[in-house]
Amino acid sequence: MPNGIIIIDKPADWTSMDVCAKLRGILREKKIGHAGTLDPMATGVLPVFVGRATRAVEFAEKGKKEYVAGLRLGLVTDTQDVTGTAQETREVRVSKEELAAVLSRFTGEILQLPPMYSAIKINGKKLCDVARRGGEVERKPRPVTIYELELLEQTGPADFTLRCVCSKGTYIRTLCHDIGQALGCGGCMSSLRRTMAAGFTLAQAVTLEEVQERGEALLLPTDRYFAAYPAYTVSSPRQEERCRHGNPLTAKGLADGTYRVYGLEGEFLCLSTAAGGTLTSIKNFFGA
(Lines give C-alpha, C1' and ligand atoms only; values in the text may rest on other atoms or scores of the structure.)
Protein backbone atom coordinates (compact mmCIF):
# COMPACT_ATOMS: atom_id res chain seq x y z
CA MET A 1 0.00 0.00 0.00
CA PRO A 2 1.67 3.25 -1.12
CA ASN A 3 1.80 6.07 1.41
CA GLY A 4 3.27 9.53 1.01
CA ILE A 5 3.12 12.87 -0.74
CA ILE A 6 3.69 13.64 -4.40
CA ILE A 7 3.88 17.18 -5.76
CA ILE A 8 2.35 17.35 -9.23
CA ASP A 9 2.97 20.12 -11.74
CA LYS A 10 -0.66 20.19 -12.84
CA PRO A 11 -1.11 20.57 -16.60
CA ALA A 12 -3.61 22.99 -18.12
CA ASP A 13 -7.12 21.74 -18.90
CA TRP A 14 -7.04 19.16 -16.11
CA THR A 15 -9.09 19.54 -12.94
CA SER A 16 -7.45 18.74 -9.62
CA MET A 17 -9.77 15.74 -9.32
CA ASP A 18 -8.72 14.56 -12.80
CA VAL A 19 -5.14 14.44 -11.50
CA CYS A 20 -6.20 12.43 -8.44
CA ALA A 21 -8.15 10.00 -10.63
CA LYS A 22 -5.12 9.51 -12.88
CA LEU A 23 -2.88 8.86 -9.88
CA ARG A 24 -5.32 6.31 -8.46
CA GLY A 25 -4.86 4.33 -11.65
CA ILE A 26 -1.08 4.66 -11.76
CA LEU A 27 -0.43 3.96 -8.07
CA ARG A 28 -3.31 1.48 -7.65
CA GLU A 29 -4.46 3.24 -4.49
CA LYS A 30 -7.98 4.51 -3.82
CA LYS A 31 -7.15 6.83 -0.92
CA ILE A 32 -5.79 9.90 -2.71
CA GLY A 33 -6.58 13.56 -2.03
CA HIS A 34 -5.14 16.96 -2.86
CA ALA A 35 -4.44 20.12 -0.87
CA GLY A 36 -5.91 23.10 -2.70
CA THR A 37 -7.99 23.06 -5.88
CA LEU A 38 -6.63 24.56 -9.08
CA ASP A 39 -8.94 25.69 -11.89
CA PRO A 40 -8.56 23.75 -15.16
CA MET A 41 -6.78 26.67 -16.88
CA ALA A 42 -4.24 26.91 -14.05
CA THR A 43 -0.97 25.00 -13.86
CA GLY A 44 1.63 24.38 -11.19
CA VAL A 45 2.01 23.00 -7.69
CA LEU A 46 -0.67 20.52 -6.63
CA PRO A 47 0.29 18.60 -3.47
CA VAL A 48 -1.31 15.15 -3.59
CA PHE A 49 -1.53 12.88 -0.54
CA VAL A 50 -1.60 9.11 -0.94
CA GLY A 51 -2.76 6.36 1.44
CA ARG A 52 -2.30 7.20 5.13
CA ALA A 53 -0.83 10.55 4.12
CA THR A 54 -4.36 11.72 3.24
CA ARG A 55 -4.76 12.34 6.98
CA ALA A 56 -2.46 15.35 6.53
CA VAL A 57 -4.67 17.07 3.94
CA GLU A 58 -6.62 18.94 6.62
CA PHE A 59 -3.36 20.61 7.72
CA ALA A 60 -1.88 21.19 4.27
CA GLU A 61 -4.88 22.86 2.65
CA LYS A 62 -4.83 25.65 5.24
CA GLY A 63 -1.35 26.92 4.36
CA LYS A 64 -0.18 29.90 2.33
CA LYS A 65 -0.07 29.69 -1.45
CA GLU A 66 1.98 31.57 -4.03
CA TYR A 67 0.90 32.32 -7.59
CA VAL A 68 2.21 34.02 -10.71
CA ALA A 69 -0.78 35.40 -12.57
CA GLY A 70 -1.44 37.17 -15.82
CA LEU A 71 -3.61 40.28 -15.50
CA ARG A 72 -5.36 41.56 -18.62
CA LEU A 73 -6.82 45.01 -18.24
CA GLY A 74 -9.72 46.34 -20.30
CA LEU A 75 -11.61 43.04 -20.42
CA VAL A 76 -14.40 41.97 -18.06
CA THR A 77 -15.80 38.42 -18.36
CA ASP A 78 -18.46 36.39 -16.60
CA THR A 79 -15.84 33.97 -15.20
CA GLN A 80 -13.33 36.72 -14.33
CA ASP A 81 -10.76 35.05 -16.59
CA VAL A 82 -10.12 34.84 -20.32
CA THR A 83 -11.99 31.53 -20.66
CA GLY A 84 -15.31 33.28 -20.05
CA THR A 85 -17.70 35.33 -22.14
CA ALA A 86 -16.76 38.98 -22.54
CA GLN A 87 -19.18 41.31 -20.79
CA GLU A 88 -17.34 44.55 -21.35
CA THR A 89 -14.22 45.86 -23.09
CA ARG A 90 -12.66 49.23 -22.36
CA GLU A 91 -9.71 51.25 -23.55
CA VAL A 92 -6.65 50.84 -21.34
CA ARG A 93 -4.38 53.72 -20.46
CA VAL A 94 -2.65 52.38 -17.39
CA SER A 95 1.09 52.57 -16.78
CA LYS A 96 3.15 50.12 -14.75
CA GLU A 97 3.51 52.80 -12.09
CA GLU A 98 -0.26 53.35 -11.85
CA LEU A 99 -0.88 49.64 -11.52
CA ALA A 100 1.84 49.22 -8.90
CA ALA A 101 0.35 52.07 -6.88
CA VAL A 102 -3.06 50.37 -6.74
CA LEU A 103 -1.73 47.02 -5.51
CA SER A 104 -1.23 48.30 -1.97
CA ARG A 105 -5.03 48.51 -1.64
CA PHE A 106 -5.20 44.76 -2.05
CA THR A 107 -2.64 43.66 0.52
CA GLY A 108 -3.34 42.54 4.07
CA GLU A 109 -6.78 41.27 5.03
CA ILE A 110 -9.32 42.14 2.35
CA LEU A 111 -12.87 41.14 1.49
CA GLN A 112 -13.59 39.16 -1.67
CA LEU A 113 -16.99 38.43 -3.18
CA PRO A 114 -16.80 34.76 -4.28
CA PRO A 115 -17.29 34.49 -8.05
CA MET A 116 -20.37 32.76 -9.42
CA TYR A 117 -18.12 30.40 -11.36
CA SER A 118 -16.75 28.65 -8.28
CA ALA A 119 -17.36 25.38 -6.44
CA ILE A 120 -18.65 27.10 -3.31
CA LYS A 121 -22.02 25.76 -2.19
CA ILE A 122 -24.85 28.02 -1.05
CA ASN A 123 -28.08 26.34 0.05
CA GLY A 124 -26.64 23.02 -1.11
CA LYS A 125 -25.98 24.14 -4.68
CA LYS A 126 -22.63 24.83 -6.31
CA LEU A 127 -22.42 28.41 -7.57
CA CYS A 128 -20.88 27.28 -10.86
CA ASP A 129 -23.86 25.00 -11.57
CA VAL A 130 -26.25 27.88 -10.96
CA ALA A 131 -24.14 30.20 -13.14
CA ARG A 132 -24.09 27.73 -16.05
CA ARG A 133 -27.89 27.78 -16.01
CA GLY A 134 -27.82 31.56 -16.23
CA GLY A 135 -28.71 32.17 -12.60
CA GLU A 136 -27.09 34.18 -9.87
CA VAL A 137 -27.08 33.78 -6.08
CA GLU A 138 -26.63 36.46 -3.46
CA ARG A 139 -23.18 36.05 -1.92
CA LYS A 140 -21.48 37.62 1.06
CA PRO A 141 -17.91 38.95 0.88
CA ARG A 142 -15.40 36.72 2.64
CA PRO A 143 -12.17 37.77 4.36
CA VAL A 144 -8.92 36.56 2.80
CA THR A 145 -5.34 37.64 3.38
CA ILE A 146 -2.89 38.82 0.74
CA TYR A 147 0.56 38.58 2.31
CA GLU A 148 2.53 39.76 -0.71
CA LEU A 149 1.45 41.29 -4.02
CA GLU A 150 3.90 42.65 -6.56
CA LEU A 151 4.06 43.62 -10.21
CA LEU A 152 6.68 41.51 -11.99
CA GLU A 153 6.49 42.83 -15.54
CA GLN A 154 4.40 44.29 -18.32
CA THR A 155 4.06 41.89 -21.24
CA GLY A 156 1.81 43.93 -23.53
CA PRO A 157 -0.15 47.20 -23.75
CA ALA A 158 -2.83 45.81 -21.41
CA ASP A 159 -1.09 42.72 -20.03
CA PHE A 160 0.86 42.42 -16.79
CA THR A 161 2.31 39.67 -14.61
CA LEU A 162 1.71 39.64 -10.85
CA ARG A 163 3.11 37.54 -8.02
CA CYS A 164 0.79 36.91 -5.09
CA VAL A 165 1.24 35.11 -1.76
CA CYS A 166 -2.15 34.58 -0.15
CA SER A 167 -4.28 32.61 2.27
CA LYS A 168 -6.56 29.68 1.64
CA GLY A 169 -9.77 30.68 -0.11
CA THR A 170 -8.30 33.52 -2.17
CA TYR A 171 -9.54 33.75 -5.75
CA ILE A 172 -6.80 35.17 -7.94
CA ARG A 173 -9.22 35.81 -10.81
CA THR A 174 -11.41 37.82 -8.45
CA LEU A 175 -8.30 39.73 -7.37
CA CYS A 176 -7.56 40.53 -11.03
CA HIS A 177 -11.17 41.58 -11.59
CA ASP A 178 -11.14 43.84 -8.52
CA ILE A 179 -7.82 45.44 -9.49
CA GLY A 180 -9.30 46.24 -12.91
CA GLN A 181 -12.33 47.82 -11.26
CA ALA A 182 -10.09 49.92 -9.02
CA LEU A 183 -8.24 51.19 -12.10
CA GLY A 184 -11.52 52.08 -13.84
CA CYS A 185 -10.87 49.95 -16.91
CA GLY A 186 -11.90 46.49 -15.77
CA GLY A 187 -9.73 43.41 -15.85
CA CYS A 188 -9.55 39.64 -15.71
CA MET A 189 -7.04 36.84 -15.21
CA SER A 190 -5.24 35.70 -18.37
CA SER A 191 -3.07 32.94 -16.88
CA LEU A 192 -2.29 31.33 -13.54
CA ARG A 193 0.61 29.23 -12.30
CA ARG A 194 0.85 28.15 -8.67
CA THR A 195 4.47 28.20 -7.57
CA MET A 196 4.04 27.17 -3.93
CA ALA A 197 1.44 25.38 -1.83
CA ALA A 198 1.64 23.70 1.58
CA GLY A 199 5.31 24.67 1.72
CA PHE A 200 6.13 22.74 -1.48
CA THR A 201 7.51 24.50 -4.57
CA LEU A 202 7.81 23.94 -8.30
CA ALA A 203 11.35 22.66 -7.75
CA GLN A 204 9.80 19.61 -6.05
CA ALA A 205 7.03 19.09 -8.60
CA VAL A 206 6.89 16.28 -11.14
CA THR A 207 4.75 15.69 -14.20
CA LEU A 208 2.14 12.99 -14.60
CA GLU A 209 4.37 11.46 -17.27
CA GLU A 210 7.17 11.12 -14.70
CA VAL A 211 4.79 9.45 -12.27
CA GLN A 212 3.73 7.05 -15.02
CA GLU A 213 7.38 6.09 -15.48
CA ARG A 214 8.61 5.99 -11.87
CA GLY A 215 5.49 5.43 -9.77
CA GLU A 216 5.89 5.08 -6.00
CA ALA A 217 9.57 5.99 -6.14
CA LEU A 218 8.51 9.65 -6.39
CA LEU A 219 6.53 9.64 -3.14
CA LEU A 220 7.87 11.85 -0.37
CA PRO A 221 7.48 10.56 3.21
CA THR A 222 4.43 11.91 5.02
CA ASP A 223 6.48 13.50 7.79
CA ARG A 224 8.16 15.76 5.21
CA TYR A 225 5.14 18.05 5.44
CA PHE A 226 5.68 18.44 9.21
CA ALA A 227 9.44 19.01 8.97
CA ALA A 228 9.19 22.41 10.69
CA TYR A 229 8.26 20.69 13.97
CA PRO A 230 10.91 19.03 16.19
CA ALA A 231 11.07 15.24 16.41
CA TYR A 232 10.46 13.10 19.49
CA THR A 233 11.22 9.37 19.60
CA VAL A 234 9.39 7.19 22.12
CA SER A 235 11.64 5.99 24.92
CA SER A 236 10.49 2.39 25.31
CA PRO A 237 8.34 -0.39 23.80
CA ARG A 238 5.75 0.34 26.48
CA GLN A 239 5.59 3.99 25.47
CA GLU A 240 5.26 3.04 21.80
CA GLU A 241 2.44 0.65 22.63
CA ARG A 242 0.61 3.38 24.53
CA CYS A 243 1.06 5.72 21.57
CA ARG A 244 -0.33 3.14 19.14
CA HIS A 245 -3.38 2.73 21.35
CA GLY A 246 -4.04 6.48 21.34
CA ASN A 247 -2.98 7.12 24.92
CA PRO A 248 -1.09 10.24 26.09
CA LEU A 249 2.62 9.81 26.78
CA THR A 250 4.60 11.08 29.72
CA ALA A 251 7.52 13.17 28.50
CA LYS A 252 8.98 14.98 31.49
CA GLY A 253 11.14 17.96 30.66
CA LEU A 254 9.84 18.21 27.07
CA ALA A 255 9.09 21.82 26.16
CA ASP A 256 5.50 22.64 25.32
CA GLY A 257 4.75 22.64 21.60
CA THR A 258 4.00 20.44 18.59
CA TYR A 259 6.15 17.39 17.77
CA ARG A 260 6.64 14.70 15.17
CA VAL A 261 6.55 11.45 17.15
CA TYR A 262 8.51 8.39 15.97
CA GLY A 263 8.60 4.75 17.02
CA LEU A 264 11.71 2.91 18.17
CA GLU A 265 12.41 1.74 14.60
CA GLY A 266 11.96 5.21 13.10
CA GLU A 267 8.34 4.93 11.91
CA PHE A 268 6.45 8.23 11.88
CA LEU A 269 3.61 7.59 14.31
CA CYS A 270 1.77 10.84 14.86
CA LEU A 271 1.73 14.58 15.22
CA SER A 272 1.36 15.43 18.90
CA THR A 273 1.19 18.40 21.21
CA ALA A 274 3.21 18.59 24.42
CA ALA A 275 1.89 20.44 27.45
CA GLY A 276 3.09 20.13 31.02
CA GLY A 277 5.23 17.06 30.30
CA THR A 278 2.44 15.12 28.55
CA LEU A 279 2.31 14.33 24.82
CA THR A 280 -1.16 14.04 23.33
CA SER A 281 -1.77 12.94 19.74
CA ILE A 282 -3.28 15.43 17.31
CA LYS A 283 -3.37 13.04 14.33
CA ASN A 284 -2.12 9.46 13.95
CA PHE A 285 -0.34 8.29 10.79
CA PHE A 286 0.11 4.58 11.52
CA GLY A 287 -2.23 1.67 10.88
CA ALA A 288 -4.53 0.99 7.96
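Leaving aside neighbours within four places in sequence, F268 is in contact (heavy atoms within 4.5 Å) with T222, D223, F226, R260, V261, Y262 and F285. The model is predicted, with local features requiring pLDDT of at least 70 and side-chain atom pairs counted only at pLDDT 80 or more, while totals for chains, interfaces and linings use all residues. Residues are numbered from 1 along each chain as its sequence is written, and side-chain values use heavy atoms, with hydrogens and water left out.

F268 is found in strand β17, residues 268-275; strands are DSSP runs of E of at least two residues, numbered from the N terminus. The relative accessible area of F268 is 10%, and this residue is therefore buried (under 20% relative accessible area, with a 1.4 Å probe and protein chains only). Y262, at 9% relative accessibility, is buried, and F226 is buried at 1%.

Rings of Phe, Tyr and Trp (its six-membered ring) were paired if their centres lie within 6.5 Å, with planes under 30 degrees apart counted as stacked, over 60 as edge-to-face and the rest as tilted. In the pair of Y225 and F226, the centres are 5.0 Å apart and the planes are at 75 degrees, an edge-to-face arrangement. The ring planes of Y262 and F268 are at 45 degrees, with centres 5.6 Å apart, so this pair is tilted. One aromatic cluster is formed by F59, F200, Y225, F226, Y262, F268 and F285.

Conventions: Helices (H or I, at least four residues) and strands (E, at least two) are DSSP runs, numbered from the N terminus. Buried means under 20% relative accessible area, exposed over 50%, partly exposed in between (1.4 Å probe, protein chains only).
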